[in-house]
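The structure is shown first.

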Amino acid sequence: MLGDSLHYDKHTGLAEAFGNIFYRDTVNRNILLGEYGFYNELTGEAMATGRALAKDFSQSQTDTLFVHADTLRVHSFNLDTDSAYRMLHGYYHVRAYRSDVQAVSDSLMAHSQLKTLTLFKDPIVWEGAHQILGEEITAYLNDSTIDSVYVDRQALLVEQLDTVLYNQVGGRQMRAYYRGKQMHENVVDGNGMVVYYPYEKDSTILYHIYMQTPRIQIIYNEEGKLDSLRTPEHDGLMYPIGMAPAQHTRLHNFEWFDYIRPRDKYDLFEWRPKRSGSELKWVPRREAPLQYLKKEDSTPTSE
C-alpha cells in the first residue's frame, strides 16, 4: 500500500493510507485507488473512499474493468489457501467501464470465485448498441467476456437502430446469453412485450411489430442484431413504418440513457442521474406471511 502518508500497526495488521492511496493485490490481479484507505493484512479486508477506483484485470489479459463508487470495500475469504477469493462491494453512485461493457447503479457486488457482477437499485448495463435495465442485474463473466446477464423485475432490453427507431423487449424476468462478445439469445418470462422493427433483405425497414406474450425467445445474428422472435402465443399488431400510435412505438418504461453511459475510464467520477420521471417505478416485493402460534390467555378468571 502506498500513499502521501501511511500508518501501520504490525500487531493488528492494519495499514492506513492518506492521500493518493494505491493498493495492489498481485495474486488476484486488482488495484484499489482513492484519497483514503486501509488494508488489514490479517483479514484481507481493504477499503477506499474519496474518488475511489477499483481496477480489475483478473478476467482478461488485455482489458481492465474500472469501477468507481463513493466507497469501495474488498473482503477476502480462505486466505493462504488454494480456494482464496475476494468480494468487492461498491456504494453509492456506482459507475463501471470496460471496453465491451459499461454500467451504472446505486450499489454493486462482485464475486471473484463465482465470477459474477451484481448491480442493485435502478441499474443499467450497456453492451454495444444494447441497453439493459431492471430492478436487479447480475452478469456472469467468462475469463474475458460476458457469459450471460440475468435481469429480475421490470426488465427491459433496448437495441438502438438509429436515433429514432429502437427495438424493445420487456418483461418480468430476462435472461440474455452471449457467444464471444455478441448477444446470441434472450429469453423473457412473464408479461412479455415487444416493439420490433424487422429489416428487409435490402436492409430497409418497412413496418414494425407490437406484441404482447407470456414468453419470448429472441435470437440474434452473428453481428448481434435481432434476427427472429419465437413465442408460444401472442396478441400482436403490424404497422407500416410511421403509422403506429405512440403507445405502440415505446414500451411504458422505455428510455434511452445514453447521456448517463460512461464514455471511458476517465468519465467514471461524474455522476449523472436519470432525468426526473424516468426512474423505475417502485414495486413492493411480496413476502411470505409470518406465522404466529396462538397465545393462550393466562388471565385468571373468577368462578
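I took a cavity to be a set of points, on a 1 Å grid over the protein atoms alone, where a 1.4 Å probe fits but cannot get out, with lining residues having an atom within 4 Å of a point. A volume is the space filled by probe spheres set on the points. I note that this is a predicted model, in which local features need pLDDT of at least 70, side-chain atom pairs count only at pLDDT 80 or more, and totals for chains, interfaces and linings use all residues. Residues are numbered from 1 along each chain as its sequence is written, and side-chain values use heavy atoms, without hydrogens and water.

**Cavities.** I searched the whole structure and found two cavities of 30 Å³ or more. The largest cavity holds about 140 Å³. Its lining has 15 residues, and Leu65, Val101, Ala103, Leu117 and Ala139 are the closest to its centre.

**Cores.** I next looked up the nonpolar cores (buried Ala, Val, Leu, Ile, Met, Phe, Trp, Tyr and Cys residues joined through side-chain atoms within 4.5 Å; buried means under 20% relative accessible area, 1.4 Å probe, protein chains only). The largest has 46 residues, and Ile132 is among those with the most contacts inside it. Another core, of 21 residues, lies apart from it and includes Trp126 and Tyr210.

**Thr213.** I found Thr213 to be buried because its relative accessibility is 5%. A polar atom of its side chain lies 3.3 Å from the backbone oxygen of Arg215.

Conventions. Buried < 20%, exposed > 50% of the residue type's maximum accessible area, 1.4 Å probe, protein only. Polar contact = N/O pair within 3.5 Å; in protein donor to acceptor, adjacent residues only side chain to side chain. 1 Å grid on protein atoms, 1.4 Å probe; cavity = no way out; pocket = protein on both sides within 12 Å on 5 of 7 lines; lining within 4 Å.
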